[in-house]
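Here are some notes to read alongside the structure. Please keep the view open and find each element as it comes up.

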Amino acid sequence: MVMTRVLPRSRTSRLRVPRMSALTWSGLVLLLLFLLLAVVGPLVAGTSTARTGDTLAAPGAAHLFGTDHLQRDLFARTAEGARVSLLVAVAGVGFGLVVAVPAGLVAGYFGGRWPDDLIMRILEALQALPLFVFALFVIGVTGTGDSQIGPVTLTSTTKVVLLLGVGFIPYFARVTRSATLVEVQEDYVDALRVVGVPRWRIIAGEILVNVLPPVLVQAFLWIGVAIFAESALSFLGLGIQPPQPSLGNILGDATGYMLLGAWWYSIIPGLVILVATIGFNLVGDGLGDALDADNRR
Amino acid sequence: MINHNMSTFDRRRFLTMTGVLTAGALALAACGTDDSATGGAAKEGKKVETITFGVVSISDYMNPLTNTSKRVHWITDPVVESLYTYDASLKSIPLLADGEPEISDDGLTWTIKLKQGVTFHNGDPLTADDVVASLTFVSNPKSTSDWTTFFAYYVKSAEAVDKQTVKITLTTPFGVLRSHLTNLPIVHKAFVERTDTTMGTGPFKVDKVAQGRQVTLSRNDAYHGTKPELKGVVFEAIPDPATRLVNLREGKIHIMTDVSPESVALLKQDSQITVHEVDAPSDIITYFVANKAPFDDVKVRQALAYAMDRKGVRDIVYAGTAKIAQGPVGPAVEGHDSSLQIYGEAPDYAKAKALLAEAGVSSLEFTLMVTSDAVMKNVGQVLAEGWKQAGITCTLEVLDFSPWVKNWASGKYQMAMTGFESGFGGGRTAVTVLGPMSSKNPLNFGYKNDEVDKLLGEAWATTDDAARVEACKKINGILANDAIMIPPVYPRLVVAQRKEISPLDEKLMGVSRVSLPPVHSV
């Protein structure tokens, strides 16, 4: 402990509060709207599967977002769907991070040596599979219902979470590796090695803290992609299964009702997906810019 | 510096894609709501020589001997013919057969003479060998044909006595064979096992098969019966109901099958379109695994039946086009009992709770396995929500048809539900619906009722149609009381057509057939 005090300091807590651009502000507003709907919406709306007695009622005082073809309140379903989509996206990104960050750290620390080569070849193989095609293939083989793997039962929701996570691993791992490659060149890492700090403590205790900001910015950006991907899978009937709503399966159910004049049924969940994905991307972009500015300083 | 190139590229591409998709969706929405598209295509007074069907899907296997689904039979019906056919009152009359069959006194041998001068589309004459080839194929349980349900184990052998005479030997008296022979297509012996196309003796022949997308038929000028005026028929696979509807209103197709219930009202407002709603063997079939808890107890099944929201399914899912169901046998099928009145339109939750209490079940939870088509998913959701009001928790398991069938055939379900047109295979008989209720049927999972077994034996054995109807009616009543098959409604066959072609024959729709109109001009 005494030794580490005289060592060069690692660069922690570098992200300062930046001046935000108009785009980032817009993104923040969109993101807050989405989070309001996803977090508060389900608390104030009724049950998402309850029937109201009105089939395809237009938005109005009685039903803010209108009703669907099974007489269910669309506000309740959209809010619940947004919550489900957000949870699935966050869980998918979280699962991707849990696997990718250690892999990227190890690959970066041993940059150019065999552990790096091994990890990178595996990631490249994984990255060669387009995320969506990969997900379609796996769900096509295992089916949309529950899958039993030994004693573990994977529900359709869990499968979507895992597939999204697996698809994200190469991206997160690459960012982690790149950041780690930069960090291992820093003096404090050499100093820690010299004083005999174990390798795992250098990686997990010091480098990890410094590579997290760019990785988390990436993760934030990919939540938007995950919401979009989950929606696409559920739209095709391969993701979240009814009666549980998700933004994608609400939109999937709505196809065909546009012609019957129920424009709200497609437009509203579609707009929510748009707001979520653009919100996450613009705010993620803003965070990325802030990080770059900090790095330049 | 950290390399963000890959992720930045992907993000930008993603944002671009989002923008393009949004713009595209709005453009499509704008196109879809354009009312000016209504009914424009067909010119008044112009004779329609080729009619186009818009169907949900076209099977990759264009062989009517392999399955009994509408995906094949609506397309192959004009191409192939059966030994017997339906007259205007749906009575079975000879078509390829030359007169009535000779049935031996013990009922085990049927001898059928074939009509002279009938030829296949390639010019080959119809012979007993062709009929034997078709019958042998569908009687072989290993052939994996849907038709084995109707023939295997009952038909011992089929043999050609001479070029124009077929002898069918049965393992047991099997009077319902007449109905099966009225539905079973006879194909050219060289085409029995082919899956890419088919050849029959019908008024149209297969010209082109674009697998899964389109099938084109052209007139058979050597047809042995009344030659059609139409030059051709095209079947287009248009899976999305809204797209099918737009195509019909624009006149790009003449006949639309599988009209979604919610669009019936809209189509009825279109002066260019006629909507046919007909009682047909369009069944919702429900199965329980009745030898395992909780559904081994009749009271639990009855509780579920009493708490079933039939009215909700009829009004919400079928937009009022279906009829409230009592037993498994619907109004277009032999054995339907219109006087049967056990379950009300609205759920009786109090009775359901009382029955559950009698059964000693404090909280009923089960999984309902449904097929993934929109209608079944909707029916499942409405039922689950209704049962919830009675304190019953129903979890839906939505599966594509193949895994659904796999689980169903192996008994891996608690309650299963699907819908299909059984008329192609079973005609008006209740074989498809009631068959699995026999304790000897491989698809029966635990239901055993000696009286049902006895009545089923009698129903399939007799050549007396009235006796069969009576037996099936009794079985229907027993099954309804035992709540072993509890369809919520009897759906109707709904087909829409443009008015510039002659009206479709609604009588024939009663056995799921969509006949080709004889004349097609205004």
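**Notes on the predicted model**

1. Start with a bend. In chain A, H3(A) has a kink of about 25 degrees at Ala100(A), shortly before the proline Pro102(A). Please bear in mind throughout that this is a predicted model.

2. Is H3(A) mostly covered or mostly exposed? Mostly covered: 28 of the 36 residues in H3(A) are buried.

3. Now the rest of chain A. This chain has 10 helices and two strands. The C-alpha atoms of chain A fill a box of roughly 75 × 50 × 30 Å along the principal axes. Of the 297 residues in chain A, 51% count as buried. Among contacts in chain A with a separation of 6 or more, 72% are between residues 24 or more positions apart.

4. Chain B can be described in the same terms. It has 17 helices and 19 strands. Of its 522 residues, 50% count as buried. Residues 24 or more positions apart make up 70% of the contacts in chain B with a separation of 6 or more.

5. One open sheet of chain B has four strands in the order S13-S17-S15-S16, with mixed pairing. Strand S13 (282-288) and strand S16 (393-399) of chain B each have a single partner strand, so one side of each is left without a neighbour in the sheet. On average, neighbouring strands of this sheet are turned by 20 degrees against each other, direction ignored.

6. Look at one pair in that sheet. Strand S15 (residues 365-371) of chain B runs parallel to S16(B), and seven bridges join them. Which residue in S16(B) is the bridge partner of Phe366(B)? The partner is Cys394(B). Helix H11 (residues 374-389) of chain B lies across S13, S15, S16 and strand S17 (415-421) of that chain, and runs at about 170 degrees to S16(B).

7. Another open sheet of chain B also has four strands, in the order S4-S5-S7-S6, and its pairing is antiparallel. Its edge strands are S4 (102-103) and S6 (155-162) of chain B, each of which pairs on one side only. S4(B) pairs with strand S5 (residues 109-113) of chain B over two bridges, in the antiparallel sense. Within this pair, Glu102(B) has Thr111(B) in S5(B) as its bridge partner. Helix H3(B) lies across S6 and strand S7 (165-170) of chain B, at about 170 degrees to S6(B).

8. Last, the nonpolar cores. The largest has 149 residues, and Leu304(B), Ala307(B) and Val495(B) have the most contacts inside it. Helix H3 (residues 128-139) of chain B gives the largest share of this core, seven residues. A second, separate core has 81 residues, including Leu37(A), Ala89(A), Ile119(A) and Tyr265(A).

9. What does Val495(B) touch, not counting residues up to four places away in sequence? Its contacts are Ile255(B), Met256(B), Thr257(B), Val259(B), His276(B), Leu504(B), Met509(B) and Val514(B).

Notes:
Residues numbered from 1 in each chain as written. Chains lettered and ligands numbered in written order. Predicted model: local features only at pLDDT ≥ 70, side-chain atom pairs only at ≥ 80, totals over all residues. Buried ≥ 20, exposed ≤ 12 C-beta atoms within 10 Å, placed from the backbone. Contact = placed C-beta atoms within 7 Å. Bend = angle between axes of the 7 residues up to and from the residue. Pairing = 2+ DSSP bridges. Axes fitted to C-alpha atoms, helices over the stretch in contact; angles between N-to-C directions. Core = buried A, V, L, I, M, F, W, Y, C linked by C-beta atoms within 7 Å.
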